[in-house]
There are 2 protein chains.
Amino acid sequence: MSSDKYCFGVDIGGTTIKLAVLSTKGEIFKKWEIPTNKSQRGKHIAYDIHEAIEAARSELDIHKSNILGIGVGAPGFINTKTGFIYVAVNIGWEDYDFGNELSKLSGYPVWVDNDANLAALGENWLGAGNGAENVIAVTLGTGVGGGIIANGQIISGANGMAAEIGHMTVISNGGAPCNCGKTGCLETEASATAIVRKVKEALVTIPDSSLNKVEDLTAKDVFRAAAAHDPAANKVLTSVTDTLGLAIANLAIAVNPNKVIIGGGVSKAGDQLLNPLKETFKSYALARTFEACTFEIAELGNDAGVIGGAYLVKENL
Amino acid sequence: MSSDKYCFGVDIGGTTIKLAVLSTKGEIFKKWEIPTNKSQRGKHIAYDIHEAIEAARSELDIHKSNILGIGVGAPGFINTKTGFIYVAVNIGWEDYDFGNELSKLSGYPVWVDNDANLAALGENWLGAGNGAENVIAVTLGTGVGGGIIANGQIISGANGMAAEIGHMTVISNGGAPCNCGKTGCLETEASATAIVRKVKEALVTIPDSSLNKVEDLTAKDVFRAAAAHDPAANKVLTSVTDTLGLAIANLAIAVNPNKVIIGGGVSKAGDQLLNPLKETFKSYALARTFEACTFEIAELGNDAGVIGGAYLVKENL
């Protein structure tokens, strides 16, 4: 290949590791995945990534000197200055100097950040963000994750905990228990899991809901039923968008974003989610905060992480 | 004076304009104030500042080439890239290209930011922040203001509205009316004004409170009474610290600060405020978020703004 410069993006998940090779302009030359080998507390992962990258480099005929580095996302708490992993429960890592290990193995500079943060960077580079300077990205899936960009930079915080917005308290007194040990977190009120739980609770008093007949209820079923004016679905989604609009408005009052990007499985509801969400956001936000920002559905799906990884390399050079 | 380099800090308030001359190392060489001339919608202010700075420069015998620039804080919404003021209600400015005007008059580079943001920068440089990379500064006075530092930089946001944390919604359904037009804002529950209002509400049902006898009740009276176990004062301060702890914890979950700095008149209560606040913060924050940060009382008082102005110059060079 030509003498262009290339960045590797890597997104480590509990089951697979996604990889991609991008130019600094954002062209994707190769995208693939390998299994996550979690044996022996994930000690083989760095080598597996090194091998996968070397094979791709050779296949694409890229000279080593044209590789700018590797940007890696991992699901955990990370010292983004050093690439040191405090803990990544799903992978088995704890107090692991991953960034330095991968850098030594590969010979390239390595940057590491939280996977949700990299997804936000990726969406902002090549997806819905369109290069905004100030972004709140919210991922509504099994849980609620997020990434915050301020002054054009991802916020990582004092110990890699920034933008854990699923754990903002939205019910101060009680609420459902959260995996984090607290109660009433945003995740317990606005994730796909929460939507299903809240519908099941609502069905007890709404026997004529069509959802009473659905087995293995999903958030998708709830949005479909709401579109057909199902009372239980409407009741729950009204409550969910109100809570989510409040939480995002409170974040926006702090960050003053140009863009709010909603991703994750629940975001597939599109305007059915965005329209009421914008309304509740507007009611809780300051007028100038509301005027400054637009709402977007994430565009890159599962590719956001590897694209964000490549951006991390580009940004740090 | 020697050939050191100097920064001017300016803090424009509704009554007075504070000014200071600092070295880049943070030594304060002169600190003074002039009245704010609000006649003709504040059109003379830029010239007044220029004159005051020239007089001080001459008095201190600083050569023009050793002035690095002027950092100005104003109470309003500002385009921090250009120094353009969208609106500063208390001064009378609207859509005013203040930064460029002062720069033309003085011949020095000028940077402008919101006064609360500059106070946060000042505290972080020479006060309680001790140069932390990630800071949440909260000012509890007549209202509730704030400044947020992330990755070592002040957050200004898409249209100068960042860190308006007094307007986070803490009571989603109802609550007291706020000056911003919403209800249930943090400012209506945790400012000095709110403390007094809440005590007056509580006194209706707590006739044996000592505060029933106090005329022209202030937040200071409430803290004094709480120290003497007054039931109305205790009830209100428990509610205030709970609400404040929740709001700051939600912010901290987004920003992951190393420091939370509490300033403004109410902060004079010191540990009587900080100790219960840290407890409620801990209960609403994630464990790692709590571990990463310390709480401090602001140290610079009214000087924080001019010091932050000088820092803005230093930071931008």
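Val72(B) has Val112(B), in S8(B), as its bridge partner. This is a predicted model, in which local features need pLDDT of at least 70, side-chain atom pairs count only at pLDDT 80 or more, and totals for chains, interfaces and linings use all residues. Residues are numbered from 1 along each chain as its sequence is written, chains are lettered from A and ligands numbered from 1 in the order in which they are written, and side-chain values use heavy atoms, with hydrogens and water left out.

Strand S4 (residues 67-74) of chain B runs parallel to S8(B), and five bridges join them. Strands (E, at least two residues) and helices (H or I, at least four) are DSSP runs, numbered from the N terminus; two strands pair if DSSP finds at least two bridges between them.

Both strands belong to an open sheet of five strands in chain B, with the order S3-S2-S1-S4-S8 and mixed pairing. Its edges are strand S3 (28-35) and strand S8 (110-114) of chain B, each of which pairs on one side only. On average, neighbouring strands are turned by 15 degrees against each other, direction ignored.

Two helices complete the picture. Helix H3 (residues 98-106) of chain B lies across strand S1 (6-12), S4 and S8 of that chain, at about 150 degrees to S8(B). Helix H11 (residues 304-316) of chain B packs on the sheet and touches S1, strand S2 (16-23), S3, S4 and S8 of chain B; its direction makes about 135 degrees with that of S1(B). Contact means heavy atoms within 4.5 Å, and angles run from 0 to 180 degrees between N-to-C directions of axes, which are lines fitted to C-alpha atoms, for helices over the stretch in contact.
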